[in-house]
Amino acid sequence: MRISLCNEVVRGLEFPAQCALARGLGYDGLELAPFTLGHQPHRLAAVRRAQLRRIAEDHGVSITGLHWLLVTPDGLSITSRNEGTRARTLDVM
């Protein structure tokens with residue numbers, strides 16, 4: 001079992017500092033809340049995603065999961081009665 005720190009609790013820190021703190025406290029990884037990466041995290045370039053993974057690895061932690069997936073962009077819902085909202089949510093996911 002790997003023990004992970006949810007990065008939203010330290011979102012005020014830059015990502016490398018989040019990784020360093022997690023490792024320093026004895027965590028094995030970070031669980032990422034995509035909203036901490038920007039207002040449109042689903043549009044992060046592959047290069048940026050690889051960079052984040054590399055930063056985590058360089059600090060000795062893994063990215064172990066994702067959570068709070070529907071926080072941003074605004075208006076996402078998989079249970080909305082509005083077909084457009086559901087379709088947009090699925091597109092983001």
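This is a predicted model: local features need pLDDT of at least 70, side-chain atom pairs count only at pLDDT 80 or more; totals for chains, interfaces and linings use all residues.
Trainee: In what order do the elements of the chain run?
Mentor: Helices (H or I, at least four residues) and strands (E, at least two) are DSSP runs, numbered from the N terminus. The chain has three helices and three strands. From the N terminus on, they run β-α-β-α-β-α.

Trainee: What share of the residues of the chain counts as buried?
Mentor: Buried means under 20% relative accessible area, exposed over 50%, and partly exposed in between, with a 1.4 Å probe and protein chains only. The chain has 93 residues. The buried share is 32%.

Trainee: Among contacts between residues at least 6 apart in sequence, what share joins residues at least 24 apart?
Mentor: Contact means heavy atoms within 4.5 Å. By that rule, the share joining residues at least 24 apart is 63%.

Trainee: Why do the buried residues of H1 line one face of the helix?
Mentor: Helix H1 covers residues 15-24, and its buried residues are Phe-15, Gln-18, Cys-19 and Ala-22. The arc is that of the directions from the helix axis to the C-beta atoms. Seen down the axis of H1, the buried residues line one face because they fall within an arc of 95°.

Trainee: Which elements do those buried residues of H1 pack against?
Mentor: Two of the partners are strands S1 (4-6) and S2 (29-32). The others are H2 and S3.

Trainee: Which residue with a positive phi follows H1?
Mentor: Its phi is near 95°. The residue is Gly-26.

Trainee: Which elements give two or more residues to the lining of the largest pocket, and which gives the most?
Mentor: On a 1 Å grid over the protein atoms alone, a pocket is an open set of points where a 1.4 Å probe fits, with protein on both sides within 12 Å along at least five of seven lines; lining residues have an atom within 4 Å of a point. The lining has 15 residues, with Pro-34, Leu-37, Pro-41, Arg-49 and Leu-66 nearest the centre. Helix H2 (46-58) and strand S3 (62-66) each give two or more. The most, three residues, come from H2.

Trainee: How much space lies in the largest pocket?
Mentor: Grid points are joined across faces, edges and corners, and a volume is the space filled by probe spheres set on the points. For the largest pocket, that space is about 440 Å³.

Trainee: Is Thr-89 buried or exposed?
Mentor: Thr-89 sits in helix H3, residues 83-92. It touches Leu-70, Leu-76, Ser-77 and Ile-78, not counting residues up to four places away in sequence. Its relative accessible area is 0%, so Thr-89 is buried.

Trainee: Which backbone nitrogen does the side chain of Thr-89 reach?
Mentor: A polar contact is a pair of N or O atoms within 3.5 Å; within protein, one must be able to donate a hydrogen and the other to accept it, and residues adjacent in sequence count only if both atoms are side-chain atoms. Here the distance is 2.8 Å. The nitrogen belongs to Ser-77.

Trainee: Which exposed residues does H3 carry on the face turned away from its buried side?
Mentor: The buried residues in H3 are Thr-85, Thr-89 and Val-92. They lie on the same side of H3, because they cover an arc of only 60° around the axis. The face turned away carries Glu-83, Leu-90 and Asp-91.

Trainee: What is the phi of Trp-68?
Mentor: Trp-68 is also found in the loop between S3 and H3. At 46% relative accessibility, Trp-68 counts as partly exposed. Although Trp-68 is not a glycine, its phi is positive, about 55°.

Terms used. Residues are numbered from 1 along each chain as its sequence is written. Side-chain values use heavy atoms; hydrogens and water are left out.
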